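Have the viewer open while you read.

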Amino acid sequence: MKKHIVKIKSIKRVTHDVKQFTTDKPDGYDFKPGQATDISINREGWKGEERPFTFTNLPWDDDLQFVIKGYPEHKGVTNEMHQLKEGDEFILRDIYGSITYKGEGVFIAGGAGVTPFISILRYLNSKNELGDNKLIFANKTSKDIILKDEFDNMLGNNFINILSDEKTDEYAHGFITEDFLKNYIHGNVKYVYLCGPLPMMKALKKQLKNLGVSKKSIVEESF
Ligand SMILES: Cc1cc2nc3c(=O)[nH]c(=O)nc-3n(C[C@H](O)[C@H](O)[C@H](O)COP(=O)(O)OP(=O)(O)OC[C@H]3O[C@@H](n4cnc5c(N)ncnc54)[C@H](O)[C@@H]3O)c2cc1C
């Protein structure tokens, strides 16, 4: 497996616990929207600690971009990444990923599980092909919503938020339920794209089955 050392060109805060990293792009490093790679930090003690992260910009951009949630309590790679400065380096590996766009449908994300959908939705937007694609985005509170303004602008009413730990006038409250999904998902939905923590994915797959969505319509990745 080839390793690519890339320099971090800029770091931007996206939410209270999410940062966007822009890095150099190795020659011929071609990804499809939704795909990911294993990254480690190019520093003694961290080079062998690989974790998966998704490309969030467009395949033809000159740089690579990652949107990464930090977990200080793990004292692992994401915590260390959040301490990095411009000029520090990542080590990237092969490109892979099970989520790619197959056709119009409903995207359902939990927290940082939205990252594969950032690139896919930006890609569709750049081609004026967003159509009636919907994004249902589950978070704990409104301050956890990643790229809220951008999704609002891209998707309008097709950007649907649900918050488990905060009540607002704007968004639904609680966990995603079958009743909630019924508003957006009907038996004839062609594709449902799922990405989030394993327990959320398990619950959603059960609900989708009950709503008549076939297994082959589900495109998924668990985080
Ligand atoms: C294909 C793929 C693409 C991904 N893309 C992205 C992305 O673009 N952006 C992004 O933010 N995330 C992404 N993720 C998730 C990301 O890889 C993880 O958040 C990351 O590996 C965590 O690394 P860590 O070293 O901080 O934590 P680790 O120490 O590796 O922890 C890994 C897991 O261990 C458990 N754990 C460890 N310590 C604790 C603790 N103290 N308390 C509770 N649980 C604990 C948790 O279940 C945690 O998820 C992706 C995951 C996959 C599978």
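Asn 128 counts as exposed because its relative accessibility is 73%; exposed means over 50% relative accessible area, buried under 20% and partly exposed in between, with a 1.4 Å probe and protein chains only. Before going further: this is a predicted model, so local features need pLDDT of at least 70 and side-chain atom pairs count only at pLDDT 80 or more, while totals for chains, interfaces and linings use all residues. Residues are numbered from 1 along each chain as its sequence is written, and side-chain values use heavy atoms, with hydrogens and water left out.

**Two positive phi values**

Asn 128 sits in the loop between helix H2 (115-126) and strand S8 (134-139); helices (H or I, at least four residues) and strands (E, at least two) are DSSP runs numbered from the N terminus. Its phi is near 55 degrees, a positive value in a residue other than glycine. Leu 147 also has phi near 55 degrees, again positive and again not a glycine. You'll find Leu 147 in the loop between S8 and helix H3 (148-155). Is Leu 147 buried or exposed? Leu 147 is buried, because its relative accessible area is 15%.

**Around Thr 37 and Arg 93**

Thr 37 belongs to strand S3 (residues 36-41), and it counts as buried because its relative accessibility is 0%. Its side chain reaches two backbone oxygens, that of Arg 93 at 2.7 Å and that of Asp 94 at 2.9 Å. Arg 93 lies in strand S6 (residues 89-96) and is buried, with a relative accessible area of 2%.

**The ligand site**

Where does the ligand sit? The ligand is in the largest pocket. Here a pocket is an open set of points on a 1 Å grid over the protein atoms alone, where a 1.4 Å probe fits, with protein on both sides within 12 Å along at least five of seven lines; a molecule sits in it if more than half of its atoms lie within 2 Å of its grid points. The elements giving two or more residues to the shell are strand S4 (51-54), strand S5 (64-69), helix H1 (77-81) and strand S12 (218-222). S4 gives the most, with four residues.

In total, 18 residues surround the ligand, and the closest are Arg 51, Pro 52, His 74, Val 77 and Thr 78; near means a heavy atom within 4 Å. By class, the shell has eight nonpolar, six polar and four charged residues.

| Residue | Protein side | Ligand atom | Distance |
|---|---|---|---|
| Pro 52 | backbone N or O | oxygen | 2.7 Å |
| Thr 54 | side-chain N or O | nitrogen | 2.8 Å |
| Val 77 | polar backbone atom | oxygen | 2.7 Å |

On its own the ligand has 960 Å² of accessible area, and the protein covers 66% of that; the areas come from the Shrake-Rupley method with a 1.4 Å probe.

Methods. A polar contact is a pair of N or O atoms within 3.5 Å; within protein, one must be able to donate a hydrogen and the other to accept it, and residues adjacent in sequence count only if both atoms are side-chain atoms. On a 1 Å grid over the protein atoms alone, a cavity is a set of points where a 1.4 Å probe fits but cannot get out, and a pocket is an open set with protein on both sides within 12 Å along at least five of seven lines; lining residues have an atom within 4 Å of a point. Ala, Val, Leu, Ile, Met, Phe, Trp, Tyr, Cys and Pro count as nonpolar, Asp, Glu, Lys and Arg as charged, and the others, Gly among them, as polar.
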